[in-house]
Amino acid sequence: MPLFSGQRHGGCYALSPSPLKKPPTAPAAKPAPPDAIEDIADLVAPSPPIANVLADRYASPALKDIWSAPGRVLLERDFWIAVMKAQKDLGVPIPADAIKDYERVKSLVNLTSIAKRERVTLHDVKSRIEEFSELANRQFIHLGLTSRDLTENVEQLQVFRSLKVVHGKIVSALLALARHAEAHRDVMITARTHNVPAQPTTLGKRFAMFGQELLISFARVEELIERYPVRGLKGAVGTQLDQLTLLGGRADKVTELEARVLKHLGFRASLVAVGQVYPRSLDFDVVSALYQVAAAASSFAITLRLMAGQGLLTEGFQEGQVGSSAMPHKVNARNCERISGFATVISGYVTMTAGLAGHQWNEGDVSCSVVRRVALPDAFFAMDGLLETFLTVLAQMEIFPAAIAAENERNLPFLATTTILMEAVKHGAGRETAHAAIKEHALAAAKALRSGGTNGDTDLLARIAGDKRVGLGKKQLQAILAESSRFVGAAPHQVDAFMAEVKPLARKYPQAATYRPGRLL
């Protein structure tokens with residue numbers, strides 16, 4: 001089943017005369033018979049295939065291989081052969097030579113030939129059955145199967161393998177975040193709420209904060225992989241009637257057949273009571289899990305974009321890279337912008353698969369096909385592009401400690417107001433009274449700073465020290481500010497706790513620990 005195929009509209013191409021000159025007058029002719037029109041159309045060069053931007057520009061070779069049209073055909077043929085072998089062992093009269101004949105030609109994939117057959121049959125699976133059987137000169141595949149026995153299981157295999165690729169790259173991202181969190185465990189920065197300075201934190205804690213969200217989505221993906229159930233061989237309406245007929249009414253043999261096919265596919269469990277299709281809420285489960293991963297990466301990317309705008313870091317800028325065609329100085333956080341864009345794309349596929357969930361008629365229909373052909377592969381292409389970009393940013397970003405320190409110095413008296421408030425309460429001030437006084441002075445000092453006021457107007461500590469409602473002198477306030485390490489609270493210890501959760505993943509998944517993303521466009 002090609003992901004994309006160019007087709008002529010109405011069986012032929014319309015050719016228009018040039019608008020710059022009047023077409024020459026020609027004698028009237030009788031309309032050409034339909035067969036002649038088809039022959040003429042066949043002589044016209046076909047339109048080039050339309051590229052899948054998500055796959056071609058952003059996805060890695062591993063994901064593209066899983067969802068490619070030739071790869072899909074090969075998976076189906078392996079599936080048919082596995083079913084034949086199991087059926088033969090269980091008593092279905094399939095010659096061993098027939099299986100060898102199918103195995104001999106299984107890699108001969110001609111998508112053009114399959115597409116021609118489908119234009120006649122208007123049935124994708126039937127066209128692929130005919131193609132494979134004609135290559136082998138045999139007719140033993142697809143015995144007792146309905147189309148969904150093939151397509152559901154193979155598509156679920158593609159989903160399952162794609163989830164494993166995503167799982168590995170999430171581990172790589174977590175380990176990269178952990179390295180940054182550890183390296184910047186004690187680097188104080190100005191934390192912001194509502195995008196305005198709030199209290200101090202550490203840069204390591206900020207990385208750990210986004211890592212914590214990614215850990216939650218990682219746990220969901222890992223759990224999904226562990227429990228993901230395949231439909232199995234259930235037949236036209238889920239009753240396994242045709243397999244029971246083939247195997248002499250032996251339910252135990254039908255169970256054994258399905259178990260062997262599950263083992264071939266690599267699944268641990270199959271759905272028991274299911275119709276022609278598996279519940280489409282399972283597709284929603286998969287795509288929404290991808291979006292949860294995307295959400296963590298997007299939150300990280302948005303904050304990096306804000307930090308880059310404040311000059312505190314850059315996501316990385318490669319030799320020869322151009323930030324703007326007009327402004328030579330521009331160093332844009334375009335990769336972080338791309339991450340947020342991918343998250344938006346995946347959210348669209350969440351909506352699409354949500355529309356299929358709870359929309360199943362009786363034992364099944366094909367109203368979901370057009371949605372799933374787009375949503376499933378493209379959600380994974382977008383997810384893969386997002387993770388490749390995320391890993392690139394984590395590998396290339398550059399942090400500017402001097403700029404961070406300058407921001408801290410500018411904001412520190414204001415960032416310390418909550419600590420001053422707590423110290424005032426400890427010295428006998430009423431909390432609400434002290435809060436009102438500190439607020440009054442903080443707002444006035446901030447306004448004076450922005451308006452170019454004098455030192456007396458802008459000196460927040462001097463303002464607070466002169467207010468009896470707070471009850472703290474200038475020396476006491478200076479002593480509080482001198483202990484700047486206390487302002488970050490438990491941030492360094494929270495980094496340690498995050499590290500303790502993530503570090504074991506490097507031992508458990510050594511390939512993920514050494515994975516490096518491909519080069520981005």
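Begin by selecting helix 8 (residues 147-183) together with helix 14 in this predicted model. Their axes lie 10 Å apart and the two helices pack at an angle of about 15°. Helices here (H or I, at least four residues) and strands (E, at least two) are DSSP runs, numbered from the N terminus. An axis is a line fitted to C-alpha atoms, for helices over the stretch in contact, and angles run from 0 to 180 degrees between N-to-C directions. Two packed helices are described by the angle between their axes and the distance between the axes.

Helix 8 and helix 14 are therefore roughly parallel to each other. Angles under 35 degrees count as roughly parallel, over 145 as roughly antiparallel, 65 to 115 as roughly perpendicular and the rest as oblique. The crossing of helix 8 past helix 14 is left-handed; this term applies if the near helix is turned anticlockwise from the far one by less than a right angle, and right-handed applies if clockwise. Sorted by class, the contact of helix 8 with helix 14 has 15 nonpolar, four polar and seven charged residues. Contact means heavy atoms within 4.5 Å. In this sorting, Ala, Val, Leu, Ile, Met, Phe, Trp, Tyr, Cys and Pro count as nonpolar, Asp, Glu, Lys and Arg as charged, and the others, Gly among them, as polar.

Because the model is predicted, local features need pLDDT of at least 70 and side-chain atom pairs count only at pLDDT 80 or more, whereas totals for chains, interfaces and linings use all residues.

To display the contact, select residues of helix 12 including Asp283, Val286, Leu290 and Phe300, and residues of helix 14 including Arg372, Leu376, Phe380 and Phe390. By class, the contact of helix 12 with helix 14 comprises 17 nonpolar, no polar and two charged residues.

Next, select helix 5 (residues 96-105) and helix 7 (residues 124-136). How are helix 5 and helix 7 oriented, roughly parallel or roughly perpendicular to each other? Their axes come within 8 Å and cross at roughly 110°, and the two helices are therefore roughly perpendicular. Helix 5 contributes Asp101, Tyr102, Arg104 and Val105 to the contact, and helix 7 contributes Phe132, Ser133, Leu135 and Ala136. These residues divide into five nonpolar, one polar and two charged.

Move on to asparagine 137, in the loop between helix 7 and helix 8. Asparagine 137 has a positive phi of about 60° although it is not a glycine. Most residues other than glycine have a negative phi. At 68% relative accessibility, asparagine 137 counts as exposed; buried means under 20% relative accessible area, exposed over 50%, and partly exposed in between (1.4 Å probe, protein chains only). Then select asparagine 362, in the loop between helix 13 (334-356) and helix 14. The phi of asparagine 362 is also positive, near 50°, and this residue is exposed, with a relative accessible area of 69%.

Now turn to the loop between helix 9 and helix 10, and select arginine 231. Is arginine 231 buried or exposed? Its relative accessibility is 0%, so arginine 231 counts as buried. The side chain of arginine 231 reaches the backbone oxygen of glutamine 276 at 2.8 Å. Threonine 239 lies in the loop between helix 9 (203-227) and helix 10 (241-246). Apart from neighbours within four places in sequence, threonine 239 is in contact with Lys234 and Leu244.

Select lysine 253 in helix 11 (residues 251-265). At 23% relative accessibility, lysine 253 counts as partly exposed. Not counting residues up to four places away in sequence, lysine 253 touches Leu90 and Leu247.

With 8% relative accessibility, asparagine 408 counts as buried. Leaving aside neighbours within four places in sequence, its contacts are Met188, Ile189 and Thr190.

Finally, display the whole protein, whose secondary structure comes to 22 helices and four strands. Buried residues make up 44% of its 521 residues.

Methods:
Residues are numbered from 1 along each chain as its sequence is written. Side-chain values use heavy atoms; hydrogens and water are left out. A polar contact is a pair of N or O atoms within 3.5 Å; within protein, one must be able to donate a hydrogen and the other to accept it, and residues adjacent in sequence count only if both atoms are side-chain atoms.
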